[in-house]
Every structure is written in structure tokens, then in C-alpha cells.
Amino acid sequence: MDSIKKIISRYKKDRTRLLDILKEAQAAEGKISDQAIEAVAAALQISRAEVEGVISFYHFFSDRPTGKYVIYLNNSVTSGMAGREKVARALEKEANCRFGQTSPDGLITLFETSCIGMNDQEPAAIINGVIFTSLNEEKVKKIAGQMRKNIDVQEMIEEYGDGANRHDLVRAMVKNHIRKEGPVIFGDYQTGLGLNQALKLAPEGVINEIKKANLMGRGGAGFPTGLKWELCRKEKSSEHYVVCNADEGEPGTFKDRVLLTERPEMVFEGMVIAGYAVGAKLGILYLRHEYTYLKRYLKYILENMRQNGFLGKKIAGQNFDFEIEIKSGAGAYVCGEESALIESAEGKRGDPRDRPPFPVQNGYLGSPTTVNNVETLATATQIFTHGSAWFRAMGTSVSAGTKLLSVSGDCDRPGIYEVEWGLTLKELLSLVGAEETLAVQVGGASGQCLSEAGFGRKLCYSDLATGGSVIIFNKTRDIFSIVRNFLDFFIEESCGWCTPCRAGNVLIKNKFEKIASGLGTASDLAEIEAWGKLIKATSRCGLGQTSPNPVLTTLTNFREIYEKKINKEADFRSEFDLARSVEQACQVTGRKFEEEREDA
Amino acid sequence: MPEKLKFSIDGREGLADQGMTIYEAARVIGVYIPVLCHYEGLKPVGSCRICSILVNGRWLASCTQPLSEGMVIENNTPQVIEYRRAIIEMLLAEGNHFCPACEKSGNCELQALAYRYGIMVPRFPYQFPQRQIEAYPGFLLDHNRCVQCQRCVRAIQTEDGQKIFAMKNRSKDVRVNVDRKLAAKLSPDQIQKAMDICPVGAILKKEVGFLRPIGQRKYDRQPIGSEIEGKK
């Protein structure tokens, strides 16, 4: 209990630090105990019920005891393609327990988790905060053996990845997989050059330059960055904030992981420039929990920048002060939505807010806040390093510059590609070495599943706008299992606030399973489509508004697969399944349904 | 900018104060937009989505969306009614709502909305979820009937703003979570307020029931929304 009190006082009883406090409490005790909840509630003067509400919202909190080693195995679709099932069974065998349980000896706890940003090196898992990639049965056996010998997780890593993954403060086996270096993110860069150029201008001039460059948000929504900064700046308030959204949770995206590993200065510099433009003194890097392994390194980079005068008081010798602090999530996809992210950064449940008011009007702690994607901020830095005209010359007339793509799935060279906007999918497929491609999922689970007919489409804001997740499926893959994975993902990650997303996604999934099991009729296809449109139209935030996309886009682009599955003649209630209805009875009596049928 | 904003709903024109939501503006001209999560005097949260309307082809929640000048709003059009009805049906299928056995029958807003929109049976399969009934000093919380509207969360708090009711879990498992210690201190009046503010029969005061017979209750005589439509 003493340690809990110490943790709370270290965070100065700051409500906005609730997630950090809970995280440390969990690390100290292996769970968030009843006493810890009581102590935290009393210190922060909030009710127990509210603390419990926060704990239960985030995936990586547990109020139940966990083992010495807590394993979170990624359940993304790419992980499944890379042999996740075998790894999962091996883990269960070694731990002698199922997922969601702790081994009888209290050594290992197994959990599933949504995409952890390692799609290019699956199956991957997080064990006590340490990332393990490219797992197989053999490796599982070895790791479990080491656990029985009480070896520290960090010591289990045999070989570090490339670049800063090898840094003393990272020591991760993660590989960068940078396959194509483009001129912006991976082009010439020297810390401070861009910032110096920006500080020569008035804040309005900085915004103007970003507008001239026609920079649009790189997270997926594509909102014009200059306009966002301008709106934020115009709001009268004593405080303004810059938030860097490093909560990349869209299945299949991992570009921000690589950016924060290899170009953190460029990102932070972009935050300083944004701060100068909007009139902020504080920037927050909201780092997804899965990337906690980068936190110490990022803090070290920040300290370096401070030493060199790019951060802190009187930046670059000018009358401008700016600080950056790092806040971490605790596992919730919805926190990638900017208003949910702000709620989470304030130490609350990550429920999205109603908009308007938008974060630029009413953001962090009620003050005007610009929330920008990691890549957007890094790109902004380079726009000042090299000039807006240089930037504008790349890409297409509408979509200027380059885009980082996170490519995974069935191809020879999964990884990061920095390409100019305007590349067609076909060109991309040949670049990454994809053959016999059946489908390409562009933009993650919330994006679109395209068939060959769409491979001529261009990656740009006026055609295929994307945050950069590209998952490739070859002709051996089953569309239904892809859709199933994504639907489960949305059911898991919905915050549950609004009816269509909370209740509707479950109904869609059930209907989908009916169709997938061959019991659907033509009216089921019509209904699932209608329900999907309803959820998209009436949901409260971007999550719900895109959650039916896996079904809707495959219904459009792979309609024949659905048509084949349905019973075209049926004009009765076809969902009754005799075999399933007597399943329990069969288990009790030890009979097999099929045999009975033959005998009769 | 003009002090009053011009708008129209289904062809009916009106003026309303700046800063009003679409729901509030509609009330001013006697147009009823159905709400379930919204309650007068509480900060709207836009959770039930029953008040969804169409403006320029865009769906908006009228309880949270501020009115703006010249808005042309679709409220009682076939498409809006269709979606609204579907959301009510979703709620009916999601929980366990057995009206004949419920103390709130006749005073229940979900039931009243279902009647108003002529719902005989939901188009969605009943989920029959397994949910708990919890007992607290002075009241019961029946999760079978809860629609996650958060009215109790917003309305019933301690004097220093601590939440006695708070949301727990997420997605399909999201529930109202009661702070036992704080709930024990609720006065009978506060409990009555909690029960009255609950749009369904999820919060029930103990030791009283059926004080007003079925047949003489709020929505037994006239459909929900009549009080607004009668005001013109």
C-alpha cells in the first residue's frame, strides 16, 4: 500500500495522470487491487465507480491477478496468416491454461490483443512490455522454458533489430523493414533547420506556408493541416495545446512505429513548429501503450533536443518556449479518434466527445488543441527544411508530397514504403513483390477491401485516401475469415457509447455468421447491407461510421462469394440449424448427429 | 450575425435562439423530435441516436448538434422514420424488455417510443443477454432493462461532483456501475429522482410499486411527444 501512496504522490494527485498511476500500480502488484482503487479514488477525489470505469475501459489494465509473465498475443488478420493459431496452441500447451487465464503455477497469463503495430513481422506478442516478433512453435517452447527458469524477459531477446531498435534504451528485436526511402520522411534532414526557418516567420506565416504546401492529415481523414492550425490559433484562450497522435491502432499500420524509431527528432520538431504556429507552450505525445518500449528512448531524444536548444526556454534563441511531454494510452483503438484521445490524455475513459465543439475549439482541458498525426508533423518539419514549393512538386495536384505506406500480408517485401501520392495499387503490388493477389485491404479494417477490378485505382486523397495501411491477400485466402476478423475487431474496440455501434455491430456479425455458415438467403444479403448503412449513418464517431466497411466493401467487390453462400430458393426462416440445436444433447449422450441421421 | 436563426423542419419554418440545439429549436415551434438519452437540464450526450435527423444529406444527432442559420431539417420523412425505428428496435433486441412484468410499463419512454413508431416486433433477432439485477439500499438496478443512456450518470452525483453511477467496460459489455459506498448515502428523494429520470425500468425504488395503476400512467392516455406537439 505504501507503494501506491508513493505512486500517487509522485504524480502529485493529478487527475490527468490517472492512467499512469494505474499502470504503475499494476506493475507493482501484478493487478490493480481493491485497495489501490480505493486509495486512488480517495486521493483524486473521484468515486470508486469512476476509477473502475477507467480501468475496465482499457485493454491492458487488469483488476484480476496476473502471472509473473503476461503474454498479449496479437490477433490481427496478418498474424493469423503467418501462423498465429499454432503459436496460440503452443502457448496454451506450455502455460497449461487457456487464453484469458493464468497458468496453475501462477507463472504465465495469456491474453489476446488487437493489432500491436507489428504486421510486417507476425505473429507478434507483447510479454511484460517487451515485443516478440515472428513467433513460431519452437520459439514459444524456448521462451516458456526460460520463463520457468525465471529469466528476465529482456534477456530472452537473442538479436536486436536494425537502426535505433539496437539502441541501449530500446533493445528491441523489432525490425524497421524500411523498403523504400522517399524524399520527405527519409530525405535529407538535419535537426533544427526546419525549425529555424519556421521561426523566422510570424506564426501566421508558418500557417500560410503549410497551406501553400497543401499538407493534409496523414492519419487517414485528410483534414488540411494549415486550416486546423489556423482554427486553433484563432480561438481565444490563455492556453493552447499541440497533441501528436501516436495511437496508431488501425489494423495493419506500423509507420508511426518506424517514424518514432528512426525519425523522432523530425516528429518532435514538427510539434515545436505547430506549437509556435498555434500559440501553444505545451505539446503532448500520446503514445499507444503497445509502443511503450520506445518511451525511454523518446525521452532521451527530447532531453537531447532540450540540450541543443530546440526545446524548452527560448528555443533557437528566440522568445518562444515550448515543452513536450509523453502520455501513454492503455490499449483502446478508439483513442486514435482525436476527441477520444484527448479524453484519455485527461486520464478518463477514452469515449469520443460530441463534435462540435471540435478539439481546435475545445480540446485538452477545455483549451484549443490541434491534434496531428505523427507523419503529418514530421512532414511539416520537412516542408520548412526544404520549402513548400519543393513539397508541392511531388505527388498529384490535389495530394501533395509523399505518403508512408505500411505494407503487410502476402508479398515478398512487407514493410515501410515512402511513395509519392498518385501511385496505383497495381504499381504498389509489383513494388512489394505481390503475386496472385486476390484482394487488397486499403486503410485497415475501417478502409476498403478491393478486388482486382480496383487495382488500377490511385492512392491519393481524391481516389483512395488512406492512413497508409495496406494488407495484401493472395488467392489462397478466404475473404470470409478476413471479414470475420475485422468485425470481431470492431466489436472488441467499440466504446459502447452509442446504440448503432454498440448493438448494431453485434447484429451485423451474427447475420454475417449466418450467411457464412450457408444458412443465409437473398433477404439476408439485403438486410446486412441495409443495417450496415444504418450504422454508418447514425453512429456517433468515426469508429461506428466505418465499422460496417468490412462487410459493405466485400459485398460490393466480392459479391459472388456471398451469392454462392446463400440459399437462393429459401422462402422460410432458414437460420434454424438442426445440428446446432441438438449439439448439447449430443454431447451429453455421446452421440454424433451425422451418424444418427444415417441410421434413420 | 442575426440574434435569431432561421430554420425549417419538414417544410415548417421557424426562428430560434442562437446556441440552441436542433432538438431545442424544434420544440420551440412545437415539433417533436424523439429522444431517449436526452433529458432537459442535463448535458446532452448523443448516445441513443434516436433523435437522428437529416440535414443536407448528412445524419446528425439533434440533441447535440447546434442549430445553424438556414438549416433545412428532415424529421418526419420516410427515411428518417425508418432509421429511427430501427434504432428503437435495436435497443429492444439488445436488452431484455418484458413490458408486462415491468413496474415502469406505461411510464417507460422506450415502450412509449415503440408504440409511437408502431413497432410490433423488432426486425433484429432478440439477443437474450444474461444480465444481472443488483440490490442497493433503497433501490434496485436491473441491467436487463438498461439502455446505457447515462441519464443517471449525469443527474445523480454527490455535492462535490463525484459520480455515484459511472459507466464500466466497453462495447457490448458497457454497463452502469454503482459506487456502493456513495449509493448507500442517497436520500429517498434522490432515489426517487434516479428512478424518475431513468427512461426505462432499470432503476427502481424499493418498497413502493405500482402506486399508479397501469392504464392511468403517463403514456397510457396519449403518445410520447404529444406534450410538445400540443404546445404550438
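This is a predicted model: local features need pLDDT of at least 70, side-chain atom pairs count only at pLDDT 80 or more; totals for chains, interfaces and linings use all residues.
How many salt bridges are counted between chain A and chain B? The count is five.

1. **Extent of the contact between the chains.** On the side of chain A, 43 residues are in contact with 40 residues of chain B. Together the two chains bury about 3300 Å², and 54% of this area is on carbon and sulfur atoms. Three residues, A:Trp497, A:Arg502 and A:Leu534, supply 18% of the area that chain A buries against chain B, which is more than any other three residues.

2. One salt bridge joins B:Lys163 to A:Glu50, with the closest N and O atoms 4.0 Å apart.

3. **Domains of chain B.** Chain B is divided into domain 1, residues 4–76, and domain 2, residues 86–206. The centres of these domains of chain B, taken over C-alpha atoms, are separated by 25 Å. In the contact between them, 15 residues of domain 1 meet 16 residues of domain 2.

4. Domain 1 and domain 2 of chain B bury about 1300 Å² between them, with 67% of it on carbon and sulfur atoms. The side of domain 1 that touches domain 2 in chain B consists of 11 nonpolar, two polar and two charged residues. Between these domains of chain B the count of salt bridges is zero, while five residue pairs are in polar contact, both residues at pLDDT 80 or more.

5. **Domains of chain A.** Chain A is divided into domain 1 (2–57), domain 2 (69–159), domain 3 (180–392), domain 4 (402–477) and domain 5 (480–565). For domain 2 and domain 4 of chain A, the centres over C-alpha atoms lie 29 Å apart.

6. **Contact of domains 2 and 4 in chain A.** Here five residues of domain 2 of chain A are in contact with 10 residues of domain 4 of chain A. The area buried between these domains of chain A is about 500 Å², 72% of it on carbon and sulfur atoms. By class, the side of domain 2 that touches domain 4 in chain A has two nonpolar, two polar and one charged residues. Zero salt bridges are found across this interface of chain A, and one residue pair is in polar contact, with both residues at pLDDT 80 or more.

7. **The largest cavity.** Rolling a probe the size of a water molecule over the atoms shows where empty space is left. The structure holds seven cavities of 30 Å³ or more, and the largest cavity has about 130 Å³ of space. Its lining has 17 residues, and those nearest the centre are A:Arg288, A:Glu290, A:Gly331, A:Ala332 and A:Tyr333. This lining of the largest cavity comprises six nonpolar, seven polar and four charged residues. Domain 2 and domain 3 of chain A each provide at least three residues of the lining of the largest cavity.

8. **The second largest cavity.** About 110 Å³ of space lies in the second largest cavity. It is lined by 13 residues, with B:His97, B:Phe98, B:Cys99, B:Cys102 and B:Cys108 closest to its centre. The lining of the second largest cavity divides into seven nonpolar, four polar and two charged residues.

Notes. Residues are numbered from 1 along each chain as its sequence is written. Chains are lettered from A and ligands numbered from 1 in the order in which they are written. Side-chain values use heavy atoms; hydrogens and water are left out. On a 1 Å grid over the protein atoms alone, a cavity is a set of points where a 1.4 Å probe fits but cannot get out, and a pocket is an open set with protein on both sides within 12 Å along at least five of seven lines; lining residues have an atom within 4 Å of a point. Grid points are joined across faces, edges and corners, and a volume is the space filled by probe spheres set on the points. Ala, Val, Leu, Ile, Met, Phe, Trp, Tyr, Cys and Pro count as nonpolar, Asp, Glu, Lys and Arg as charged, and the others, Gly among them, as polar. Domain bounds come from an automatic or database domain assignment. Contact means heavy atoms within 4.5 Å. Buried area is the accessible area (1.4 Å probe) that two parts lose on being put together, summed over both. A salt bridge is a side-chain nitrogen of Lys or Arg within 4 Å of a carboxyl oxygen of Asp or Glu. A polar contact is a pair of N or O atoms within 3.5 Å; within protein, one must be able to donate a hydrogen and the other to accept it, and residues adjacent in sequence count only if both atoms are side-chain atoms.
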